[in-house]
Amino acid sequence: PAHYTLARELFRLLKRVVEHSDKNKMGYAALTVVVGPNILYAREQNPASMVEDMERSAGVLTLCIKYSEELFRETSWWKALNRGDVELAKRLAKEQQ
């Protein structure tokens, strides 16, 4: 879960940056332009589709920032899974359905 933890903390930080956009001028659009190419990028750059790719990645990142709390909500089954208790995680996940 290192990738999960990194993504969770990154998007929490980005959300905090956006929450102060009145002071730092870093709203969703500006932030995704600056940070987006470092997070989401095509392995092979195609100049013909670069603008479209940037718009798509900005949209995805905006959603991830806006809904970071929902995306990274730590449920009881997730905590059990992180502790290595797979059986408990399965049972708790089933109960939440």
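Mentor: Gladly, and please keep in mind throughout that this is a predicted model.

Trainee: Which residues of α1 are the buried ones?

Mentor: They are Tyr-4, Arg-8, Phe-11, Leu-14 and Val-18, and the word buried is used for a relative accessible area under 20%.

Trainee: How do you know that the span of α1 is close to what is expected?

Mentor: Helix α1 takes in residues 2-19, which is 18 residues, and it reaches 26 Å from its first C-alpha to its last. The expected span is 1.5 Å times one less than the number of residues, and for α1 this expectation is 26 Å, so the reach is close to it.

Trainee: What is found on the two faces of α3, buried and exposed?

Mentor: The buried residues of α3 are Leu-31, Thr-32, Val-35 and Gly-36. They cover an arc of only 125° around the axis, and therefore lie on the same side of α3. These buried residues pack against α1 and α4, whereas the face turned away from them carries Val-33 and Val-34, which are exposed.

Trainee: Why is Thr-62 called buried?

Mentor: Thr-62, which lies in helix α4, has a relative accessible area of 17%; the cut-off for buried is under 20%, so Thr-62 qualifies. With its neighbours within four places in sequence left aside, Thr-62 is in contact with Tyr-28 and Thr-32.

Trainee: Which residues line the largest pocket, and how do they divide by kind?

Mentor: The lining consists of Pro-37, Leu-40, Tyr-41, Ala-42, Gln-45, Met-50, Asp-53, Met-54, Arg-56 and Ser-57, and it divides into 6 nonpolar, 2 polar and 2 charged residues. Helix α4 (residues 50-66) supplies the largest share of this lining, 5 residues, and the volume of the pocket is about 170 Å³.

Conventions:
Residues are numbered from 1 along each chain as its sequence is written. This is a predicted model: local features need pLDDT of at least 70, side-chain atom pairs count only at pLDDT 80 or more; totals for chains, interfaces and linings use all residues. Side-chain values use heavy atoms; hydrogens and water are left out. On a 1 Å grid over the protein atoms alone, a cavity is a set of points where a 1.4 Å probe fits but cannot get out, and a pocket is an open set with protein on both sides within 12 Å along at least five of seven lines; lining residues have an atom within 4 Å of a point. Grid points are joined across faces, edges and corners, and a volume is the space filled by probe spheres set on the points. Helices (H or I, at least four residues) and strands (E, at least two) are DSSP runs, numbered from the N terminus. Ala, Val, Leu, Ile, Met, Phe, Trp, Tyr, Cys and Pro count as nonpolar, Asp, Glu, Lys and Arg as charged, and the others, Gly among them, as polar. Buried means under 20% relative accessible area, exposed over 50%, partly exposed in between (1.4 Å probe, protein chains only). Contact means heavy atoms within 4.5 Å. The arc is that of the directions from the helix axis to the C-beta atoms.
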